[in-house]
Amino acid sequence: MNLPNLLTIGRVFAVPLVIWLIAGGELFWAFWLFTAAAITDGIDGAIARAWNQRTELGAYLDPVADKALLMSIYVTLAIIGEIPRSVAILVVFRDLVIIGAVILSWLIEKPLPIEPLKISKLNTFAQIVFAGVVLGSNGFGLDLGRVEQAGAWLVGGLTLASAGAYLAAFIRHMALDKS
């Protein structure tokens, strides 16, 4: 156990609190907690790289923390009507397909390497920024309608592109001869 892993675990534990705040209409406080969680996502990776503290636990836990936080926030924001349901469905569906592909590859003893694609990193960044904009605009009482609409389209497009890239990588991986 090291500092990057502790920060990641902290992000996991922030998920139910952020959801509780959003569901309770406390978008100002949800924005700040989400922002802190997003910052720790960058910090834990930077510390792990800079001080050579990468671990197998961290390699698995970091994407789980990201997926738990983002999927939960997107679903909750869609339920309360702050983002389009279609965007939340795309985000959740993409992540469930990726998780399913990883599990399937383990079951058939052709495990996929756990490495995010560049499009996936860009997608995650866009999802974080969009969620932050939605939470912030509502929490601070700002009217960012056009910005939010553009963000929804951007996240939707990047999510589809990322899903396609992972599907192509999965198909290539499964086509490789195991011997």
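**Entry 1: a loop residue**

Is Glu 109 buried or exposed? I looked it up and found that Glu 109 counts as exposed, because its relative accessibility is 53%. For my notes, buried means under 20% relative accessible area, exposed means over 50%, and partly exposed is in between (1.4 Å probe, protein chains only). Before going on, I wrote down that this is a predicted model, where local features need pLDDT of at least 70 and side-chain atom pairs count only at pLDDT 80 or more, while totals for chains, interfaces and linings use all residues. I also noted that residues are numbered from 1 along each chain as its sequence is written, and that side-chain values use heavy atoms, with hydrogens and water left out.

Glu 109 sits in the loop between α4 (85-107) and α5. Helix names here come from DSSP runs (H or I, at least four residues, for helices; E, at least two, for strands), numbered from the N terminus. The phi of Glu 109 is positive, near 60 degrees, although the residue is not a glycine.

**Entry 2: another positive phi**

I then turned to Asn 52, in the loop between α2 (27-50) and α3 (56-79). Asn 52 is not a glycine either, yet its phi is positive, about 50 degrees. With a relative accessible area of 68%, Asn 52 is exposed.

Gly 81 follows α3 and has a positive phi near 85 degrees. Gly 141 follows α5, and its phi is positive too, near 70 degrees.

**Entry 3: helix lengths**

How far does helix α5 reach from its first C-alpha to its last? I found 31 Å for the 22 residues of α5 (118-139), close to the 32 Å expected at 1.5 Å a residue. The expected span is 1.5 Å times one less than the number of residues in the helix.

I did the same check on α3, whose 24 residues should span 34 Å. The end C-alpha atoms of α3 are 35 Å apart, which agrees.

As a reminder to myself, side chains of opposite charge can pair when their charged atoms come close. The rule for a salt bridge is a side-chain nitrogen of Lys or Arg within 4 Å of a carboxyl oxygen of Asp or Glu. By this rule the model has six salt bridges.

Which side chain meets Arg 11 at 2.9 Å, N to O? I found Asp 44 there, in a salt bridge with Arg 11. The pair joins distant parts of the chain, with Arg 11 in helix α1 (residues 3-23) and Asp 44 in helix α2, 33 residues apart. Both Arg 11 and Asp 44 are buried.

Next I checked Asp 62, which forms a salt bridge with Arg 11, the closest N and O atoms being 2.5 Å apart. This pair also links distant parts of the chain, as Asp 62 is in helix α3 and Arg 11 in helix α1, 51 residues apart.

Arg 11 also has a salt bridge with Asp 66, where the closest N and O atoms are 3.2 Å apart. Again distant parts of the chain are linked: Arg 11 is in α1 and Asp 66 in α3, 55 residues apart. From C-alpha to C-alpha, Asp 66 and Arg 11 are 8.1 Å apart in space.

Why is Arg 11 called buried? Arg 11 is buried because its relative accessible area is 1%. Asp 66 is buried as well, at 16%. Putting the pieces together, I noted a network of salt bridges that links Arg 11, Asp 41, Asp 44, Asp 62 and Asp 66.

**Entry 4: surface patches**

Patches are made of residues with over 30% relative accessible area and no salt bridge; like charges are joined within 9 Å, and nonpolar side chains (Val, Leu, Ile, Met, Phe, Trp, Tyr) within 5 Å. Areas come from the Shrake-Rupley method with a 1.4 Å probe, and for residues only the protein chains shown count as cover.

I found a nonpolar patch with about 820 Å² of accessible area together, its members including Tyr 60, Trp 106 and Ile 114. The largest share of the nonpolar patch, six residues, comes from α4. Tyr 60 lies in helix α3 and is partly exposed, at 36%.

**Entry 5: a loop proline**

My last stop was Pro 113, in the loop between α4 and α5. Pro 113 is exposed, with a relative accessible area of 55%.
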